[in-house]
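This report covers one protein chain. It goes from ring pairs to the overall fold, then to a helix, a loop residue and the cavities.

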Amino acid sequence: MISLNPVSHTIDSRHGLAMLLMVAGSTAISFGGLVQRSIEEANPWQIIFYRSLGMFVAALFILSLQYRGRVLTTITGIGQLGLLGGLLLSIASITFIQALTHTSIANALFILGAIPFFAALFARLFLAEKLRQTTLVTMIAAMSGLAIMLVQGVSIGSGFGNLMAILTALSFALYAIIVRYKRRTEMLPVMLLSAFLVMLVSAAATGINLDISRHDILLCLFWGFCLSGFVNWMFIIASRHLAAAEVTLIMLLEFSLGPVWVWLFIGETAPFMTVLGGCLIILAVALRAIFELIYKPKPEQTPTTPV
């Protein structure tokens, strides 16, 4: 699952490299669902623990390289909103794995594709940003697709997994609003904090029963360290040189390719109504991003304090 809402950007000579980083990162992280399906015996809470351990190590390693002797100062500089962001990201991390476990990869990822619309709605509520007409129209289309998927999920017994996916989307959208509001603050420590909190919660949920096979441990650590930790760092760097609409469009690779990999490699398919609803969401997000790129509307002024 990737980070949203980049900091303010400037299109410069590094724009092409930033696009390449985003495409490579979105493609890499789209294999997360396949990694989850390849785990043999670990239960969801054990997966969550070891994945978060990988993310924690990755975030600490990157912070140590970037800030050397100022790591502690950087971590404590996130403030109260950063702490809230860490809590929201922790909830998203936990519910994400639960969603992948209790519903199809297609269901989970297509629902997560609606994150930009939840973020736009929260930006209206908390940052007083206006919802443009194109956003409202495409949001209705995306919500229609989401409704189709939820009805389908209840009928086939994957309602809990769909609910977890919605909680992931809502939590991550709220986290994205904090990132947008604190765009001049280094938010990588938030990922470090989130991973630490998730490790505590998941260890408690397992009763400190973390004994799983070496195969599963390595897959979880790879997922957390490489696919989540380092890829999100790539996104942070790339997003500084890309427009928000460009990030949104490239982000769709994760939600579109994820179901493809599990179909190609392990034969997992999704019902027709799930695919229909997911396509509506992906199409709505893509159209909104394309409209933003074509018309390039003036950015809304963000208030100095949250509403």
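Is Phe230 buried, partly exposed or exposed? Phe230 has 22% relative accessibility, so Phe230 counts as partly exposed. The cut-offs are under 20% relative accessible area for buried and over 50% for exposed, with partly exposed in between (1.4 Å probe, protein chains only).

## Basis of the model

This is a predicted model: local features need pLDDT of at least 70, side-chain atom pairs count only at pLDDT 80 or more, and totals for chains, interfaces and linings use all residues. Residues are numbered from 1 along each chain as its sequence is written, and side-chain values use heavy atoms, leaving out hydrogens and water.

## Overall fold

The chain has 13 helices and zero strands. Both kinds of element are DSSP runs, numbered from the N terminus: helices are H or I with at least four residues, strands are E with at least two.

Of the 307 residues in the chain, 51% are buried. Contact here means heavy atoms within 4.5 Å.

## Aromatic pairs

A pair of aromatic rings is described by the distance of the centres and the angle of the planes. Rings of Phe, Tyr and Trp (its six-membered ring) pair if their centres lie within 6.5 Å; planes under 30 degrees apart are stacked, over 60 edge-to-face, and the rest tilted. The count comes to 10 aromatic pairs. One of them joins Phe56 and Phe196, tilted, at 6.3 Å centre to centre and 40° between the planes. This pair links distant parts of the chain: Phe56 sits in helix H3 (residues 44-67) and Phe196 in helix H10 (residues 188-205), 140 residues apart. Phe56 is partly exposed at 22% relative accessible area. Phe196 is partly exposed too, at 39%.

Phe61 and Phe230 form another pair, with centres 6.1 Å apart and planes at 50°, so this pair is tilted. Phe61 lies in helix H3 and Phe230 in helix H11 (residues 214-239), 169 residues apart. Phe61 has a relative accessible area of 41% and is partly exposed. Ring pairs also gather Phe61, Phe225, Phe230 and Trp233 into a cluster.

## Helix H7

Helix H7 (residues 115-126) has 12 residues. From first C-alpha to last it reaches 16 Å, close to the 16 Å expected at 1.5 Å a residue. The expected span is 1.5 Å times one less than the number of residues.

Ile115, Pro116, Phe117, Phe118, Ala119, Ala120, Phe122 and Ala123 are buried in H7. Ala128 follows H7 and has a positive phi, near 60°.

Ser30 is in the loop between helix H1 (15-29) and helix H2 (32-38). Its relative accessibility is 2%, so Ser30 counts as buried. Leaving aside neighbours within four places in sequence, Ser30 contacts Leu253, Glu254, Leu257, Gly258 and Trp261.

How many cavities of 30 Å³ or more does the structure hold? There are three. On a 1 Å grid over the protein atoms alone, a cavity is a set of points where a 1.4 Å probe fits but cannot get out; lining residues have an atom within 4 Å of a point. The largest cavity has about 50 Å³ of space. Of its 10 lining residues, Ile29, Gly32, Gly33, Leu109 and Glu254 are the closest to its centre. H2 and helix H5 (79-102) are the elements that give two or more residues to this lining.

Notes: On a 1 Å grid over the protein atoms alone, a cavity is a set of points where a 1.4 Å probe fits but cannot get out, and a pocket is an open set with protein on both sides within 12 Å along at least five of seven lines; lining residues have an atom within 4 Å of a point. Grid points are joined across faces, edges and corners, and a volume is the space filled by probe spheres set on the points.
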